[in-house]
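Welcome! Please take a moment with the sequence and the 3D view, and then follow along through this short tour.

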Amino acid sequence: WRAVGQVGSARVSRELGAEFEAWWRARREAGMPLKARDEIVAMACPSLAGMYLVKLGLLLTLIGGVSHTDASSMRVRGESHLLLVGDAGTGKSALLRHAARLSPRSVLTTGIGATSAGLTCTAIREPGGEWMLEAGALVLADGGVCAIDEFDSIREHDRGAIHEAMEQQTLSVAKAGLVCKLRTKCSVFAACNPKGKGYDHDRSISVNTGLPSPLLSRFDVVLLLLDKSRAGGGRSEEHDRDVAQHILREACGEEGPPPEPDAATWPLEKMRAYVEFVRGSFRPSVTPPAQRAIVAYYSHQRQADTTSEARTTIRLLESAVRLAQAHARLMFREEVTLLDAIYVIVVLESSTLHSRLAGGSICALTSMFDETPDATYPLLRDKILDSLGIDAEGRPLRQEGGGGYPGERLGGYM
């Protein structure tokens with residue numbers, strides 16, 4: 001890790017940075033880096049039980065990747081965006097509030113009360129007759145998080161105003177004779193409900209949410225939080241029982257199960273400091289095996305017939321790189337390894353109802369934490385690579401990739 005004092009980590013003391021480094025060193029020496037990562041992920045939004053994939057996606061989006069400038073001097077954003085699509089009562093609003101609390105600067109708004117001026121800016125006339133610009137939510141959230149609940153309630157002609165803000169992270173203004181550009185360098189966390197009576201499995205995400213494809217493609221992570229019992233897809237009594245017990249413990253003020261020895265129990269302020277520290281201290285570079293795995297996944301998605309066109313543009317490739325860099329940061333590393341690419345593929349696959357790589361359905365809402373992630377990872381890695389038709393070095397396999405794998409063999413990941 002680099003010296004404290006760089007942009008993003010300036011708010012974290014040198015002692016706390018050394019504590020984070022010692023904490024990770026002990027976990028790696030014990031051979032449990034993934035177990036340590038899951039301890040951090042579990043501390044995100046602790047009021048919600050389970051939801052492993054959702055919390056992992058939330059932290060990856062919050063941490064973000066590394067921004068850079070391409071050959072044409074255009075800035076490529078490092079900030080990621082997250083969209084939660086799900087039934088009522090699945091914790092979408094709680095996740096948005098927690099993401100806002102983990103950021104040093106945040107704005108929480110709703111689509112119902114957010115007009116084009118409210119999200120961007122508006123021109124107002126002062127008593128002296130001069131015009132001035134009043135910043136909206138995206139401008140005020142510059143350098144932090146803009147959380148928008150009921151995202152589907154934003155009027156259609158108002159949504160176009162945030163296209164530039166999400167991708168170029170600037171806002172071109174030409175109002176009342178005022179012409180300027182405002183910075184909107186923030187991560188957008190949005191949530192919405194499916195249109196109609198519920199999510200239609202036979203229709204695309206764009207049709208179910210009412211959001212146009214250009215807007216959907218700007219979200220790095222799209223997670224479906226669907227109540228399977230409502231959708232007729234069966235229900236997990238064990239999951240329902242765990243959620244009910246968790247809610248009752250919270251309501252009655254009872255303590256949960258005793259944590260494991262040396263398990264991390266960080267307060268909100270320390271979690272916020274950790275996110276800030278890894279964002280400002282690490283600029284991970286992508287190793288060749290990770291690059292090949294990401295490219296293979298992108299090619300696989302482009303060739304899939306069941307994949308939404310809005311989720312298979314070139315932005316998918318850029319999103320995978322950003323999320324892989326965020327995962328390396330989360331794990332306190334300077335390099336993006338194959339492990340990071342594998343888990344990013346798992347998160348991206350959770351945005352589909354039926355995964356060709358998983359060979360079955362993925363339910364982000366009921367995904368649970370694996371008790372032995374370090375022991376399970378080799379199986380997860382081999383099955384993903386085999387489905388993509390590459391080996392651990394990213395070289396094509398001679399034989400065709402194998403089929404899917406049963407989710408229960410992956411400790412609840414799929």
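## Around Ala-147

Leaving out residues up to four places away in sequence, Ala-147 touches Leu-96, Val-107, Leu-108, Thr-109 and Phe-189, where contact means heavy atoms within 4.5 Å. Ala-147 is found in strand 7; helices (H or I, at least four residues) and strands (E, at least two) are DSSP runs, numbered from the N terminus. With a relative accessible area of 0%, Ala-147 is buried; the term stands for under 20% relative accessible area, against over 50% for exposed and partly exposed in between, using a 1.4 Å probe and protein chains only. Between Ala-147 and Thr-110 there are 8.0 Å in space, C-alpha to C-alpha, and the two are 37 residues apart in sequence.

This is a predicted model, in which local features need pLDDT of at least 70 and side-chain atom pairs count only at pLDDT 80 or more, while totals for chains, interfaces and linings use all residues. Residues are numbered from 1 along each chain as its sequence is written, and side-chain values use heavy atoms, with hydrogens and water left out.

## The chain as a whole

The protein chain holds 17 helices and 15 strands. Of its 414 residues, 51% are buried. Among contacts in the chain with a separation of 6 or more, 74% are between residues 24 or more positions apart.

## A parallel sheet

Strand 4 and strand 7 (residues 145-149) run parallel and are joined by five bridges, and Thr-110 has Asp-149 of strand 7 as its bridge partner. Strand 7 is in turn joined to strand 10 by four bridges, again running parallel, with Val-145 opposite Ser-187 in strand 10. Four bridges also pair strand 3 (residues 82-86) with strand 10 in the parallel sense, and there Leu-84 has Ala-191 as its bridge partner.

In a regular strand, side chains alternate between the two faces of the sheet. Is strand 10 (residues 187-192) mostly covered or mostly open? Strand 10 is mostly covered, as six of its six residues are buried. Ser-187, Phe-189 and Ala-191 are buried on one side, and Val-188, Ala-190 and Cys-192 are buried on the other.

## A hairpin

Strand 5 (residues 121-125) and strand 6 (residues 131-135) run antiparallel and are joined by five bridges. Thr-122 stands opposite Glu-134 in strand 6. Five residues lie between the strands of this hairpin, where Gly-129 takes a positive phi near 100 degrees.

## The nonpolar cores

A nonpolar core is a set of buried Ala, Val, Leu, Ile, Met, Phe, Trp, Tyr and Cys residues joined through side-chain atoms within 4.5 Å. In the largest one, which has 82 residues, Ile-40, Leu-59, Leu-95, Phe-189, Tyr-274 and Leu-330 touch the most other members. Helix 16 (residues 338-349) gives the largest share of this core, 10 residues. A second, separate core of 27 residues includes Leu-119, Val-188, Ile-205 and Val-222.

Apart from neighbours within four places in sequence, Leu-95 is in contact with Cys-45, Leu-48, Met-51, Val-54, Leu-58, Leu-84 and Leu-225. Leu-95 is also one of the buried residues of helix 4. Seven of the 10 residues of helix 4 (residues 92-101) are buried, so this helix is largely enclosed by the rest of the structure.

## Helices that cross

Helix 16 and helix 17 pack at an angle of about 75 degrees, with their axes 10 Å apart. Axes are lines fitted to C-alpha atoms, for helices over the stretch in contact, and angles run from 0 to 180 degrees between N-to-C directions. The two helices, helix 16 and helix 17, are therefore roughly perpendicular to each other; angles of 65 to 115 degrees count as such, those under 35 as roughly parallel, those over 145 as roughly antiparallel and the rest as oblique.

Helix 2 (residues 33-42) also packs against helix 17 (residues 373-388), at an angle of about 110 degrees and with the axes 7 Å apart. Pro-33, Leu-34, Lys-35 and Asp-38 of helix 2 make this contact with Pro-373, Asp-374 and Tyr-377 of helix 17.

Definitions and conventions
Pairing = 2+ DSSP bridges.
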